[in-house]
Amino acid sequence: GTFPDRSAFDRSWLPDAWGVAWRATDGDKLTRVFISPEGRCLWRKNLVVKFLDKIAAEKLALASYGTTTPKPGRREAPETSPPEKKTRAKRRPEAPPKAP
C-alpha cells in the first residue's frame, strides 16, 4: 500500500494534479513514489518527466492532426494549380469494308 507524503519535499517541478506518497518495496523499505491523476504509480522523477513528455507529445500530435507544417530550413512551394494531364488524340477505328 501507499500513504501520502506530507514532508517538505520540493514538488515545484511536479504538476498540481499529481501526488507524492510513500510505498513499501519488496525489501520492506519505504520509498517515495509519484502518483498520476489516473492513479499510475511511478518510482523515480526521471520516469515522471519522461511520462509527462510523452503525454505532451501525444497532445501536440492530436492538436496538429490534419495540419501540415514545413520542415525547418525549407521554404514552402508556391501554391500553383496542378498541371493538366496530356492526353493523346484517339485514333478513329478503320471503317469495316462495305458489303457489295
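Two strands pair if DSSP finds at least two bridges between them. Helices (H or I, at least four residues) and strands (E, at least two) are DSSP runs, numbered from the N terminus. This is a predicted model, in which local features need pLDDT of at least 70, side-chain atom pairs count only at pLDDT 80 or more, and totals for chains, interfaces and linings use all residues. Residues are numbered from 1 along each chain as its sequence is written, and side-chain values use heavy atoms, with hydrogens and water left out.

**The sheet**

Start with the overall layout. The model holds an open sheet of 4 strands, in the order β1-β2-β3-β4, with antiparallel pairing. Its edge strands are β1 (2–4) and β4, each pairing on one side only. Strands of a sheet pair through backbone hydrogen bonds, either parallel or antiparallel.

**Pair by pair**

| Pair | Sense | Bridges |
|---|---|---|
| β1 and β2 | antiparallel | 3 bridges |
| β2 (residues 19–24) and β3 (residues 30–35) | antiparallel | 6 bridges |
| β3 and β4 (residues 41–42) | antiparallel | 2 bridges |

Now look at single residues. P4 faces A21 of β2 across the pairing. G19 stands opposite I35 in β3. F34 has L42 of β4 as its bridge partner.

**The turns**

Two hairpins link neighbours here. β2 and β3 form a hairpin with 5 residues between them. In its turn, D28 has a positive phi of about 60°. The hairpin of β3 and β4 also has 5 residues between its strands. There, G39 takes a positive phi near 100°.
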